[in-house]
Amino acid sequence: MRTHISDYLVYKTETTHGQEPSGPATPLYIVVDGEIEVNENLKVEPAIGGVVRYYSVVEPSASATILVVPSAKTFLQSARRSAGDLTSYTLEGGTSDFGIKLFGAFIDELSLDAKVGEALRATMRFVAMGAQATTGATQAGPNEAPIDWSNGVATIAGSNYQLASLRASLRNNVKLEADFSDRGAGKRRWRNLFGLGQESVEATLEIYLPYGAGLAADTLAAIAAQVAFGSALTLSLNNLLISRRRVPVKGGDDLWVMTVELVGQPGSLSIT
């Protein structure tokens, strides 16, 4: 029987999408949850006398939730596109005697969660061009502390509104496809074409002070939100429009919290 005590999740930054670079891999910081999936994309079609089964384009993916450390800032910044391109990784994870390696792995979705009393978390979903099994590996334990949540200072629409939590979500809408080019033995079902759809940014705030500005008005002004963790990292959102406000009305003596959902534009999220 295996436990997760010997699991690992590491990455290399690719210079060419889908091609593993030389050199050692780097641990994906402090991983608290994750999964690697390879959808073999088995097709089953009914036919006279039975069914036909065959394999289509393989669809590898992965997810990971990390506690954000100061040195992870550059990696998180790479989730933002630059000059119409997006950084890709060779991503490998598993246990000491079995692993799965993903090639051309792009961060399709990124969520950053800042909550009072908890470490800043980043949850990523990767989509990849190809995959193969490996013999496994090990990695050392964490050697860097998460960013101190108690250093966080929030500014919401020019005030702090006693922010309890902020979730910022980015979606790159990565498009991966295959064509009829010869990718070589072992890679013929891999995806080899890469493109980017429209970037989308959303945010959710939980605040202890009500924000009623513009409620149900003819027009609503865009606002900005920011949480700065000292010099370690600043999470900023600009040009946000409110899409929904929720106010609890119930019995009991829970603290009153207002939830505000917002939608940004491409480029609304920055990590500095």
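Q: Which residues touch the most other members of the largest nonpolar core?
A: They are Leu 28, Phe 75, Leu 76, Leu 110, Phe 126, Leu 166 and Leu 233, in a core of 57 residues. A nonpolar core here is a set of buried Ala, Val, Leu, Ile, Met, Phe, Trp, Tyr and Cys residues joined through side-chain atoms within 4.5 Å. Buried means under 20% relative accessible area, exposed means over 50%, and partly exposed lies in between (1.4 Å probe, protein chains only).

Q: Which strand gives the largest share of this core?
A: Strand 8, residues 98-115, gives the largest share, with six residues. Helices (H or I, at least four residues) and strands (E, at least two) are DSSP runs, numbered from the N terminus.

Q: Before we go on, what kind of model is this?
A: It is a predicted model, in which local features need pLDDT of at least 70 and side-chain atom pairs count only at pLDDT 80 or more, while totals for chains, interfaces and linings use all residues. Residues are numbered from 1 along each chain as its sequence is written, and side-chain values use heavy atoms, with hydrogens and water left out.

Q: Why might nonpolar side chains be found together?
A: In soluble globular proteins, nonpolar side chains tend to be buried together.

Q: Let us change topic to strand 16. Is it mostly covered or mostly uncovered?
A: Strand 16, residues 223-229, is mostly covered, since five of its seven residues are buried.

Q: Which strands are joined to strand 16?
A: Strand 11 (residues 152-156) is joined to strand 16 by five bridges, and the two run antiparallel. Strand 17 (residues 233-246) also runs antiparallel to strand 16, with six bridges between them. Two strands pair if DSSP finds at least two bridges between them.

Q: What are the bridge partners of Gln 226?
A: Gln 226 of strand 16 is the bridge partner of Thr 155, and in strand 17 the partner of Gln 226 is Ser 236.

Q: What lies between strand 16 and strand 17?
A: Three residues lie between them, and the two strands form a hairpin. Gly 230, in the turn, has a positive phi of about 55 degrees.

Q: And Leu 163, where is it found?
A: Leu 163 is in strand 12 and is buried, with a relative accessible area of 15%. Not counting residues up to four places away in sequence, Leu 163 touches Val 116, Ala 154, Ile 156, Leu 205, Glu 206, Ile 207 and Val 227. The C-alpha atoms of Leu 163 and Leu 205 are 7.2 Å apart, although 42 residues separate the two along the chain.

Q: Why does Asn 173 count as buried?
A: Asn 173 counts as buried because its relative accessibility is 19%. Asn 173 sits in the loop between strand 12 (163-171) and strand 13 (174-177).

Q: Now the surface: which residues make the nonpolar patch?
A: Leu 42, Val 44, Val 51 and Tyr 55 make a nonpolar surface patch of about 410 Å². Strand 4 (42-47) and strand 5 (50-55) are the elements that give two or more residues to it.

Q: What do "patch" and its area mean?
A: Patches are made of residues with over 30% relative accessible area and no salt bridge; like charges are joined within 9 Å, and nonpolar side chains (Val, Leu, Ile, Met, Phe, Trp, Tyr) within 5 Å. Accessible areas come from the Shrake-Rupley method with a 1.4 Å probe, and for residues only the protein chains shown count as cover.

Q: How many salt bridges does a search of the whole structure find?
A: It finds 14. A salt bridge is a side-chain nitrogen of Lys or Arg within 4 Å of a carboxyl oxygen of Asp or Glu.

Q: What does Glu 199 form a salt bridge with?
A: Glu 199 meets Arg 80 in a salt bridge (3.6 Å, N to O). Glu 199 lies in the loop between strand 14 and strand 15 (200-207) and Arg 80 in the loop between helix 1 (73-77) and strand 7 (88-95), so the pair ties together parts 119 residues apart in sequence. Glu 199 is buried at 4% relative accessible area, whereas Arg 80 is partly exposed at 24%.

How values were computed. Contact = heavy atoms within 4.5 Å.
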